[in-house]
Amino acid sequence: MEISFYKYQGTGNDFVMIDDREEKFEVENLELVRKLCNRKFGIGSDGLILIRYKEGYDFEMIYYNADGTQSMCGNGARCAVSFSKFLGIITENTHFLAIDGPHDACIKDGWVELGMSNVKQIKKAGEDFFVNTGSPHHVRFVENVDDYPVVNTGAEIRYSQTYQPDGTNVNFVSNNGNEGIFVRTYERGVENETLSCGTGVTACALVYGQQNQKDLVNITTPGGKLAVKFKANDNGSFQNISLMGPAEQVFKGSISI
Ligand SMILES: N[C@@H](CCC[C@H](N)C(=O)O)C(=O)O
């Protein structure tokens, strides 16, 4: 059997994208997800996304990490919006469903502004912070993130007792002067550092914004630049959160399985 796919990237977070409007992909076949995402034996990606029709929405995004687990993916959602435009499902504005609920987004010239779920609170986690932006994120501020052992320390925190049994993504953040913040992320489900994580930079922007009285934060990641804007409420919650950045089709192909 042949599976047709497209490959997308959003600031270097890369995804296998499948137009599954005919619902032929077996959503329980996690072995297949893992194989397609495998960089040696498959196509290779941080995650895989199915686009399906959903009543009441323009489309549904079904997201898998490379290991077959599921969560909300901010960069993946920006790529899904771009792919849906490419498929002719949407034009400029869209209302779609993801695992954490409904989202609105807008795409213009390859730049996607994605509405994120509201955030109830930022929690303290020792000296660090924890924020759920649709996916769980531990946020640690460090002096120089360029030199930080992201993979080793990220894995220690991800597998620590505090986050059992589900684990967490782990973000390391440095102040980047006039450029806002620089963020590197260890991603659960990829079990490695990725070049960028959308829900992760959103979590970091909320913490940084709260500490520095900002409602728009520019973020640099190893894979490129993103921005996050939001409204902070007096009770510590956040609404009208938008993740903004590029999403690009890289190639298309088919694979025999
Ligand atoms: N890369 C994603 C996050 C994907 C989900 C995450 N790995 C998890 O399991 O929580 C993003 O751009 O948000």
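Hi everyone, let's start with a helix pair: helix H2 (residues 74-86) packs with helix H4 (residues 198-212) at an angle of about 120°, their axes 5 Å apart. That makes H2 oblique to H4, since 65 to 115 degrees would be roughly perpendicular, under 35 roughly parallel and over 145 roughly antiparallel, with the rest oblique. Axes here are lines fitted to C-alpha atoms over the stretch in contact, and angles run from 0 to 180 degrees between N-to-C directions. Helices are DSSP runs of H or I with at least four residues, and strands are E runs of at least two.

Who meets whom? Gly74, Asn75 and Arg78 in H2 meet Gly198, Thr199 and Thr202 in H4, where contact means C-beta atoms, placed from the backbone, within 7 Å.

A quick word on the source: this is a predicted model, where local features need pLDDT of at least 70, side-chain atom pairs count only at pLDDT 80 or more, and totals for chains, interfaces and linings use all residues. Residues are numbered from 1 along each chain as its sequence is written. The protein chain averages a pLDDT of 98, pLDDT being the predictor's confidence in each residue, from 0 to 100.

Now find H1 (residues 30-37), where Val33, Leu36 and Cys37 are buried (20 or more other C-beta atoms within 10 Å; exposed is 12 or fewer, partly exposed in between). Strands S2 (13-19) and S17 (248-256) are among the elements covering them.

Lastly, serine 45 is in the loop between H1 and S3. Is serine 45 buried or exposed? Buried, because serine 45 has 25 C-beta neighbours inside 10 Å. Its contacts include Lys7, Asp14 and Cys37.

How values were computed
Two residues are in contact if their C-beta atoms, placed from the backbone, lie within 7 Å. Lists of a residue's contacts leave out its neighbours within four places in sequence.
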